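Where do the disulfides of this chain sit, and how are its helices packed? The paragraphs after the structure go through these topics in turn.

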Amino acid sequence: MAVIQGPVTDADGRWGTKEPSPPVLAVVGDYYSEISIAVTRQLNLEYIPQISYGSTSGLLSDKNRFPSFMRTVPEDDHQARAIIEILKNHQWTWVGVVTTDGDYGRYALERLKYYAAENNICFAFTSIIPDVLGDSKVKGRIEAIVKSITENQKVKVIVSFAKPYHMKYLFASLLKDPRGRENVWVASDNWSESRFVLGNWSLNDVGTVIGITLKTGNTTNFNQYLSNLDVNPDHHKNNSFLYKFLKEQQQENETSSNHDRALRLVKRSYPVDADDTANEVLIKRIYPYAVFSVELAVRAIAQAVADLCVNRDCKTKERLQPLEVRGALRKATFHMDGQNYKFDDRGDLNSGYDVILWRQDASTFVDVHYIVANYDIRNKTLNFTSPQAYQDVNNVTGNVTSRCSKTCKPGYRKQSSEVWPVCCYECHPCPVNHFSNTTDATQCQRCNTDTHYSSNASAICHRKQTVFLSWRDRYHIVLLAFTALGALLTLTVGIIFLARWNTPVVRASVGPICIILLFSLLSTFVSVILFGGKPSDWQCQARQVMFGLSFTLCISCIMVKSFKIILAFEFDPSIQRVLKKLYQPFIIIALCMVGQVLICALWLALKPPKPKWDSMEMLRLRSCNEKSFLAFGAMLGYNGILALICFGLAFKGRNLPRCYNDAKFITFSMLIYFICWIIFGPVYATVTGKYLPAVEMVVILLSAYGILFCLFFTKCYIILFKQEANTESAFRQEVRNHSLGEIQGLSALNLVSSSSSSEGLQNRALDLESSTSNPMKSDPPKPTISSSPQSFSICPDSNLLPTRLQNDHNVNTRDLRRYLSMPS
């Protein structure tokens, strides 16, 4: 500890007189915090400032208790942060702590625990050694520490705030047990550069030592000064430390052999060689950070005195007072090695820390001054000095694991128990649709299930595959093939009908209406194409509307045909007159279409169908959302009502002549329609996935094929292969046979009714049969067409409007033409 006094003058201002000593203006020292705490309490009574070069306890930053204390080193709070950064950098979370039972040790332990808790670092054990080695409890405490280290094999890293002699004592006991060797020791500034703690052991036995040391400056000039120092002790009597040291060196050189001298040097607290000179021994005993810190303290005092003496004559009787110096020190800005330094509000000089790595060469010499990193107090970051330094540290610490539990790999999360420390946990896999992409994740993150998915214990989320009814899907290809076939058959039927436009089959099929019907079927087949592929806005809106309108047009045309059949064979004159007034084919079709157009227009205007994304387990389905199931149901229901009307009209005319038995085929086609769409409802409501549109495609195709086959294939068969039946005479004969059958049936009924009558009645049916059985002379021979109920009719329906058949024996050709009303 150095004491700096003010100028010595007599009462008259003369120098060198033996007047009482001037007051002490400042004190430099001490190194240990416990000593500084005791000293500064005394110095504060006289307001004498104290500047320490090594006392780092945070207690001394309390200016209410220690207003006169300052230091050129940072407090231990920053050292605790630096140690935590080292532990974090290596992912060491399960460590042991050794410290001394003093102000320095307890404060450092408190700050280390605080920052460790913030970073999920746990202490497997915390051991406190009595501060005084002579304490009777030291031996027992050392044994307890050795037991803690050797029995906690998961602990490979120990942080030590102990003093050098405590560490030497601890290593002497610990390294005897092989389980206590080859650990990583994180040394505080207390012993980070004290190589003598190894004793007779080598660094390889201890393991790895990473030390925190106070910031080191450039000590080249000081080392040069020591190298050139005069080693004659008589020349340094004014320096008690140097005189004593040189005197001892002189005596050893004069009285001891080299062997004895080497033995004594080994027992000392500093490493020397037997042939070292006094200058070399002195240099090895120097701590570079201490030189730097002491020089800063001296420069601070010099600058404070210079600042006070700028506007006053310090050589007069007006002496400097300690209180003045203390105030000037707080404000002083001093310079060294090209940098500016200044005490902060708590009297600290936050110069930072160096991180050192102990190295041992082949000669067992241990280098404790190899700086590998720096800790920046302002930015709270640990920065390696070079890539080589980082590699050197990694070579000795890269394989060291000090954890209570194994590292949880990506895809797993940590789960701690309430009875365990936070560092002791189990690894649980992330559930489905959750992931963790870091080691030791505390929780699993949820995937965006709309677009991604993950399996159990997944480290990433996988993008869901977009699916829809693709053009390359084999089922879709089959449906498209049937669609193309249906469209081709429809076009073929249209060509056949146009080529045989003036034949009775085509004319009796209500030719223009039949062409409209074929066009609607073609549009229906085309609408099926819109149900495949990746849905878009226009496609979702167009496909249902196109199908709805085309099928409404189709059913409207069939309704007109059914109405025509009923009208053609209605014999009641009053009913026939009413039906004739109501029968307006194109108006009926237009009215039916208006209803469906209105439904579709409201649907598109209010809630139009839109594409939507449906998330499945590993797929992302692109489909059309009908938005309004009410409108969708109304469109289908409207067609269903029209089909029901067609079915009723066709069912009523099911017993008409075989040439007019389209009613049977219409009935059958409507039954197919009803069956398909009744099944469609529950299937559409339960089926999900990309094949949902295929359900509606199948139903549409079945409905369209049913109408095409039932209403047109029989006619095409007659036109192409039964041309003898496609004549007016064949049509007339069929009507006559049908009329005769009705009259015969009526006559038989009359016979049965009159069999119990006492009077004979004339049989009008027989008369009608005999009259109709007389062939017309003007008619050519007609082909015989079986009237058996079991025969399959191949006659097309008629475009006829017969009135009531007369029981005339001479039905002529003109009357039949009037009844048949064949189109010209």
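The model is predicted. Its secondary structure comes to 25 helices and 25 strands. The protein has 824 residues, and buried ones make up 48% of them. Taking contacts between residues at least 6 apart in sequence, 66% join residues at least 24 apart.

The disulfides come next. A pair of cysteine sulfur atoms within 2.5 Å is taken as a disulfide, and by this rule the count comes to six. Cys-404 lies in the loop between helix 13 (387-397) and strand 17 (412-416), while Cys-424 lies in the loop between strand 17 and strand 18 (425-429), so the bond ties together parts that are 20 residues apart in sequence. Both ends fall below the 20% limit for burial: Cys-404 is buried with a relative accessible area of 12%, and Cys-424 is buried with 9%.

Cys-408 and Cys-427 form another disulfide, with their sulfur atoms 1.9 Å apart. The link of Cys-408 and Cys-427 is left-handed, with -95° about the S-S bond. Cys-408 is in the loop between helix 13 and strand 17, and Cys-427 is in strand 18, 19 residues apart, so that the pair links distant parts of the chain. The two ends can be described separately: Cys-408 counts as buried at 0% relative accessibility, whereas Cys-427 is partly exposed, with a relative accessible area of 32%.

The disulfide of Cys-540 and Cys-624 has its sulfur atoms 1.9 Å apart. Here the torsion about the S-S bond is about -80°, so the disulfide of Cys-540 and Cys-624 is left-handed. This pair links distant parts of the chain, with Cys-540 in helix 17 (residues 537-568) and Cys-624 in strand 25 (residues 619-625), 84 residues apart. Cys-540 and Cys-624 are both buried.

Cys-554 is buried, with a relative accessible area of 0%. Cys-710 is also buried, with a relative accessible area of 7%.

The next topic is the nonpolar interior. In soluble globular proteins, nonpolar side chains tend to be buried together. The largest nonpolar core in this model has 77 residues, and those with the most contacts inside it are Ile-558, Trp-677 and Phe-712. Elements that give two or more residues to this core include helix 14 (474-499), helix 16 (511-529), helix 17, helix 19 (585-606), helix 20 (629-652), helix 21 (662-686) and helix 22 (692-721). Helix 22 gives the largest share of the core, 17 residues.

Leaving out residues up to four places away in sequence, Trp-677 touches Phe-547, Leu-636, Glu-696, Val-699, Ile-700 and Ser-703. A second, separate core has 64 residues, among them Ala-108, Val-159, Leu-296 and Val-355.

Two helix pairs remain to be described. The axes of helix 19 and helix 20 come within 9 Å and cross at roughly 170°. Angles over 145 degrees count as roughly antiparallel, and helix 19 and helix 20 are therefore roughly antiparallel to each other. The residues of helix 19 that meet helix 20 include Leu-591, Cys-592, Ile-599 and Trp-603. On the side of helix 20, the residues in this contact include Phe-632, Met-635, Tyr-638 and Leu-642. By class, the contact of helix 19 with helix 20 has 11 nonpolar residues, three polar and no charged.

How are helix 21 and helix 22 oriented, roughly parallel or roughly antiparallel? Their axes come within 9 Å and cross at roughly 175°, and helix 21 and helix 22 are therefore roughly antiparallel to each other. The contact of helix 21 with helix 22 divides into 19 nonpolar, four polar and three charged residues.

Methods. Residues numbered from 1 in each chain as written. Predicted model: local features only at pLDDT ≥ 70, side-chain atom pairs only at ≥ 80, totals over all residues. Heavy atoms only, no water. Helix = DSSP H or I, 4+ residues; strand = E, 2+ residues; numbered from the N terminus. Buried < 20%, exposed > 50% of the residue type's maximum accessible area, 1.4 Å probe, protein only. Core = buried A, V, L, I, M, F, W, Y, C linked by side-chain atoms within 4.5 Å. Contact = heavy atoms within 4.5 Å. Axes fitted to C-alpha atoms, helices over the stretch in contact; angles between N-to-C directions. Parallel < 35°, antiparallel > 145°, perpendicular 65-115°, else oblique. Nonpolar A, V, L, I, M, F, W, Y, C, P; charged D, E, K, R; others polar.
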